[in-house]
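Subject: Structure handover

Hello,

Here is the structure you are taking over. My notes on what was found in it follow below.

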Amino acid sequence: MRKLILLPILLSSFSCATTNQTEVAVPSPSVSPIPPGGDMPISLPSNIKTYNDCMKHLLFADKYISASDYSSAEEEMEEAGKICDPNNPDYNYMKAVFLEAEEKEKEAYSYYYKAAKLYLGKKMMNQVFKCYSGMLSINPDGEEVKELRPYFQDDDY
């Protein structure tokens, strides 16, 4: 009962303390960034037209995965598989992300590893680290993880 009495007093003390603050404009509810269905919009880079067809499919697949629309992501990955070079590290990485979202960890792990090796050949260490992180979350004791670990250890580790 005491808690119920103290609650209005506590709330009124906060409202008094904020009377000298400047006002902040709040957008009207009619200008919502979320469409009526409640799903977040899928935004792509403004320069999407500059990408080749393979990258376009990979970008769309990534956005569909982010929106949890796995059937559309699967369609995009199938189209990407038809036109992307199988040795394209971006394709292999996106395939791994898709497979992991589909809870096919063993397959995802092998695609992460393949992408990591391809990125490593191009000295794209940020991308190698993304692959390594994905592999680490699936099988932290895997031989492939142990192979990549030295690239990300410092002397103090």
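A residue counts as buried when its relative accessible area is under 20%. Cys84 has a relative accessibility of 7%, so Cys84 counts as buried. Please keep in mind throughout that this is a predicted model.

Overall make-up

The protein has seven helices and zero strands. Along the sequence the pattern therefore reads α-α-α-α-α-α-α. Of its 157 residues, 24% count as buried. For contacts between residues at least 6 apart in sequence, 43% join residues at least 24 apart.

The cysteines

How many disulfides does the count come to? The count comes to one disulfide, and this disulfide joins Cys54 to Cys84, with 1.9 Å from S to S. A pair of cysteine sulfur atoms qualifies when the two lie within 2.5 Å. The torsion about the S-S bond of Cys54 and Cys84 is about 105 degrees, so the disulfide is right-handed.

Where do Cys54 and Cys84 lie? Cys54 is in helix α2, which covers residues 53–66, while Cys84 is in the loop between α3 (70–83) and α4. The pair therefore ties together parts that are 30 residues apart in sequence.

Like Cys84, which is at 7%, Cys54 is buried, with a relative accessible area of 7%. Cys131 counts as buried too, at a relative accessibility of 0%.

Helices α4 and α5

Two packed helices are described by the angle between their axes and by the distance between those axes. For helix α4 (residues 89–101) and helix α5 (residues 105–121), the angle is about 160 degrees and the axes are 8 Å apart. An angle over 145 degrees counts as roughly antiparallel, so α4 is roughly antiparallel to α5. The crossing in which α4 passes α5 is left-handed.

Which residues make the contact? On the α4 side they are Pro89, Asp90, Asn92, Tyr93, Lys95, Ala96, Val97, Leu99 and Glu100. On the α5 side they are Glu107, Ala108, Tyr111, Tyr112, Lys114, Ala115, Leu118 and Tyr119. Sorted by class, the contact of α4 with α5 has eleven nonpolar, one polar and five charged residues.

To look at these places in the model, start with the disulfide between Cys54 and Cys84, and then turn to the packing of α4 and α5.

Regards

Terms used. Residues are numbered from 1 along each chain as its sequence is written. This is a predicted model: local features need pLDDT of at least 70, side-chain atom pairs count only at pLDDT 80 or more; totals for chains, interfaces and linings use all residues. Side-chain values use heavy atoms; hydrogens and water are left out. Axes are lines fitted to C-alpha atoms, for helices over the stretch in contact, and angles run from 0 to 180 degrees between N-to-C directions. Helices (H or I, at least four residues) and strands (E, at least two) are DSSP runs, numbered from the N terminus. Angles under 35 degrees count as roughly parallel, over 145 as roughly antiparallel, 65 to 115 as roughly perpendicular and the rest as oblique. A crossing is left-handed if the near helix is turned anticlockwise from the far one by less than a right angle, and right-handed if clockwise. Contact means heavy atoms within 4.5 Å. Ala, Val, Leu, Ile, Met, Phe, Trp, Tyr, Cys and Pro count as nonpolar, Asp, Glu, Lys and Arg as charged, and the others, Gly among them, as polar. Buried means under 20% relative accessible area, exposed over 50%, partly exposed in between (1.4 Å probe, protein chains only).
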